[in-house]
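Take a look at the model below before reading on.

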Amino acid sequence: MPGKILCVAEKPSIAKAVAGHLSGGQYQTANTGSTYIKNYSFTFDFGPPWGNCNAVMTCVSGHLTKLDFGPEFNDWNYPPPEKLFDGPVHVTIDEDNKAVSTNIERLARGSRALFIWTDCDREGEYIGSEVRQEALKGNNRLEIKRARFSNIERAHVIRAAKHPIDLDERQVDAVAVRIELDLRIGYAFTRFQTTTLRALGGPLGDATISYGSCQFPTLGFVVDRYFRVKSFVPEPFWGIRVTHKRDDINVVFTWARNRLFDRATVIILFERCIAAKTARVTKVQEKPTSKWKPLPLTTVELQKVASRLLRMTSQQAMTIAESLYNKGFISYPRTETDRFDKGMNLMALVEKQTQDNRWGAFAQNLVNGAFKQPREGRHDDKAHPPIHPIAYCAPTGLRPEEGRLYEFITRRFLACCSEDAKGQATDIELEYGDEIFHTRGVIVLERNYLNVYPYENWTNSTMLPNFMLGERLEPTEAMITDGQTCAPGYLTEPDLIALMDANGIGTDATMAEHIAKVKGRNYVFTRPRAGGGGGRSRGFNDGEGEGAEAPTGREARGGRGGRRGGAGGGRGSEGGTGGVEEFIPSTLGVALVEGYDRMGLETSLSKPFLRKELEQRLKAICEGRVSRGEVMRESVRQYKSVFLESKERVELLKAVRQLSLCLFLFCYVSWPGHRVCGTVN
Amino acid sequence: MTTPPSIPQLSQALTSLGLPPPHPSFLVPILTPGPSQRLPPLPALTATAKLRLLNADFTSALTLDPSRTPSLPTHISDPSIASRVLDADVPVQVIGIEDLSRSKWEQVEALEMERKGELTKGREVIRVVPDSEDGASAAAMGGSVSTQHTQAMGRSNGPFKLLMEDVKGQRVYGFELKKVEKVGYPPVMSIGCKVILKNGGKVARGMVLLEPATVVVLGGKIEALDKSWREGREKALRDAVGDRRSGDNGSNNGGGTNATINID
């Protein structure tokens with residue numbers, strides 16, 4: 001049967017890779033009106049009912065169309081921003097995308113069918129619908145299909161080409177709703193905030209104070225934590241520690257009550273221990289213990305680990321993962337799934353890693369029989385498997401950061417296919433006075449997955465001497481210990497991602513962008529976390545551009561120390577500063593959150609609730625439980641009512657000015673008594 | 001027609017339930033039927049009297065029979081006495097509760113979130129939505145403060161420290177040496193809850209050591225005290241940590257341990 005099949009991918013790298021696989025490397029390349037986009041022609045047997053066909057593979061470059069208001073809304077003051085909630089919007093094609101669209105339209109004319117090869121996620125589904133729209137303009141009799149794939153390994157791609165499915169209209173609808181709501185809500189609130197605050201003059205005179213329904217809750221988390229740290233009050237606590245020396249080993253027993261916040265009580269309990277003179281061994285238990293191997297890798301987990309262990313921001317990690325995916329080395333990096341499908345041939349994937357000189361031997365051992373099915377998490381997005389390596393890649397073939405991320409993904413995968421680490425634990429419990437104390441010894445017997453997964457460790461504790469059940473002993477030492485509670489640390493990127501994830505802010509695919517955005521807007525800044533945990537004694541560290549040096553002596557420089565130059569957004573890119581970054585809101589960020597919180601709206605915009613509800617509705621559209629129209633109406637109504645209430649209480653937002661008092665809006669919030677300011681350049 | 005129960009009969013019925021002996025005049029209203037009403041049978045009267053007794057104030061003159069109600073030994077709170085034992089079953093009422101396993105600030109943070117209508121479950125922030133507009137105002141009026149405390153305070157294993165007072169109004173602290181059922185923050189244990197400190201119960205350095213064998217939690221509450229305790233809880237905790245921060249550590253930590261603080 002004659003006729004050509006038009007294939008359209010989401011980006012050039014995928015187009016090229018898929019064309020390469022389908023054609024067996026035999027394709028002709030033609031230029032298009034766009035510099036970045038090529039058309040690849042070849043023949044391929046798509047199987048029934050298509051048979052052996054001529055095919056052209058091309059691509060778009062992300063979204064093809066854009067939603068916008070008409071020119072009647074160009075003026076920020078009139079019509080009033082609330083009109084943006086129901087004013088007409090239009091789909092337009094950017095100047096940049098004109099050539100892309102023309103190319104698709106032209107190719108569609110001589111084609112029999114369109115195969116959409118955009119990434120298989122919600123956004124990809126929508127981009128597929130944009131492609132469809134353009135292609136139908138050229139040929140309205142075109143049959144539309146969609147290739148379902150989650151990596152660009154050859155066999156997988158060929159299978160996808162032969163078993164196309166239909167576009168998922170529900171996902172398309174969900175994204176359409178999201179885009180329209182983001183536009184309306186973002187425009188309305190950004191204009192409202194900006195015009196309100198500009199009127200205050202000063203540094204805000206020409207600033208754009210953007211609003212986004214994900215950005216603000218993200219900022220809200222950072223500000224909440226900031227206040228928790230700032231208002232924290234340390235409190236003393238006391239405990240009891242018993243030490244017994246036997247066989248020249250000092251065995252430390254910890255108190256079952258851990259610590260109490262009342263000194264008198266602890267002293268009384270301690271006194272009763274001493275009065276009892278001897279302690280009795282009430283439990284001696286030896287049992288096997290294990291340290292579980294990790295779960296298969298999801299996007300959120302990848303981002304958290306990347307910022308914790310690989311010193312990359314979540315956004316960098318995603319960019320690098322994307323490039324590894326585009327090169328065909330790893331599976332699709334945007335996934336919520338933490339369980340491998342039972343039908344997947346994991347052994348074949350392990351086998352590909354045997355040639356590596358770092359983990360090859362470990363992989364070989366798995367192939368030789370040590371392979372264990374990975375643990376199964378509870379998440380399954382039904383679209384993509386957990387992130388795993390698809391093909392082997394020697395370190396020389398990658399840029400250093402790509403290499404590190406590929407190494408992590410591979411080691412994680414091999415760890416998943418290995419065995420839990422095994423050990424032997426001994427628990428000993430003492431009854432002393434009325435109190436219970438215990439100690440635990442662990443001996444690691446088999447390291448198993450830990451041999452390939454250096455990101456975790458498990459070590460032997462000190463050897464325990466023998467204790468007999470029921471024996472009485474006189475402890476060598478018992479003492480009252482004391483300590484003080486210390487403030488939580490500022491949010492780190494893994495913390496923030498975990499919060500966003502738990503509260504439904506953004507999707508695994510967009511979280512990193514939201515974080516980058518609040519940094520880019522100067523609502524929050526990051527700096528390398530100094531030392532462990534957050535204590536109040538820590539000096540204020542401006543940290544900017546000074547690498548990993550701990551802030552010793554910085555405090556002495558007092559208020560003048562932290563001159564902050566440039567925008568905060570770029571910090572993440574330098575990487576390798578030797579520690580996790582922590583997030584601190586700018587005065588402006590704090591002021592905005594405070595402003596909205598003070599309005600006392602039923603649902604403050606800085607809280608995750610509204611957005612979470614929206615994300616749940618989008619999910620409901622995907623599951624076919626509600627229609628696009630219903631969600632649109634309900635969400636617009638909700639945000640519009642919040643908008644109108646905010647407008648009524650606008651005076652509270654203006655209090656931003658009182659809060660910041662000085663002109664230094666784009667600076668770190670200072671510690672009490674250490675006002676550290678700087679202006680934005 | 002049976003003769004109505006007498007005061008001694010009712011009193012006897014109550015003490016046989018393990019309750020302290022009530023003052024005769026406390027029982028009079030219960031035994032006085034309203035006009036054109038007939039007096040219910042003894043078991044019903046006993047139940048009514050028990051309920052009223054548990055919700056009464058033990059320290060007011062006409063609640064318990066002073067001649068038959070044991071009280072705490074004088075100087076019970078003397079921290080210089082390392083150890084002593086109670087020699088009678090002493091009825092007391094709880095007028096203060098403190099969770100010793102959690103810092104005050106941690107409790108303040110939990111209460112604050114509750115006040116804002118939020119609740120954390122793991123990392124997830126959950127909005128606590130009142131059922132209706134009425135629900136919201138009821139919460140503001142203190143109507144749902146008890147649920148608030150249940151959520152904010154969670155289920156803690158303590159140990160809890162209690163401030164208790166006997167029939168004469170003499171006060172003593174006690175803490176859970178071992179876990180005692182029904183001891184906890186309201187509503188597990190309300191302010192004004194009645195407790196029997198039993199004969200043989202240990203007292204160390206002026207503090208009663210609470211353990212299941214020597215403590216019977218009878219229940220009940222004193223409504224007014226309970227309400228003001230719950231409503232003033234966050235402020236009290238804040239003041240307590242504030243005090244500690246400004247003053248030196250040895251000073252009275254929020255009305256907490258002044259009886260026992262100078263033992264070291």
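Arg358(A) is partly exposed, with a relative accessible area of 33%; that label covers everything between buried (under 20% relative accessible area) and exposed (over 50%), worked out with a 1.4 Å probe and protein chains only. Its side chain meets that of Asp356(A) in a salt bridge, 3.0 Å from N to O. The term means a side-chain nitrogen of Lys or Arg within 4 Å of a carboxyl oxygen of Asp or Glu. Asp356(A) counts as buried, since its relative accessibility is 4%.

A word on what you're looking at: this is a predicted model, where local features need pLDDT of at least 70 and side-chain atom pairs count only at pLDDT 80 or more, while totals for chains, interfaces and linings use all residues. Residues are numbered from 1 along each chain as its sequence is written, chains are lettered from A and ligands numbered from 1 in the order in which they are written, and side-chain values use heavy atoms, leaving out hydrogens and water.

Back to the salt bridges. Lys422(A) pairs with Glu419(A), and their closest N and O atoms are 3.9 Å apart. Lys422(A) is partly exposed at 31% relative accessible area, and Glu419(A) is partly exposed too, at 25%. Then there's Glu623(A) with Arg625(A), where the closest N and O atoms are 2.6 Å apart. Here Glu623(A) is partly exposed at 40%, whereas Arg625(A) is exposed at 57%. Salt bridges can also share partners, and that is how Glu123(A), Arg178(A), Asp182(A), Arg611(A) and Glu615(A) get joined into one network. Over all chains, the count comes to 57 salt bridges.

Now zoom out to chain A. It has 19 helices and 18 strands, which are DSSP runs numbered from the N terminus (H or I with at least four residues for helices, E with at least two for strands). Of its 681 residues, 56% are buried. Among contacts in chain A with a separation of 6 or more, 77% are between residues 24 or more positions apart; a contact means heavy atoms within 4.5 Å.

Ile443(A) sits in strand S13 of chain A, residues 435-446, and is partly exposed at 37%.

Finally, let's see where the chains meet. On the chain B side, 32 residues touch 34 residues of chain A. The area buried between them is about 3,100 Å², 56% of it from carbon and sulfur atoms; buried area is the accessible area (1.4 Å probe) that two parts lose on being put together, summed over both. Three salt bridges are counted between the two chains. In one salt bridge, Arg228(A) pairs with Glu109(B), with the closest N and O atoms 3.0 Å apart. Elements giving two or more residues to chain B's side include helix H4 (104-115) and helix H7 (223-246) of chain B. The largest share of that side, four residues, comes from S4(B).
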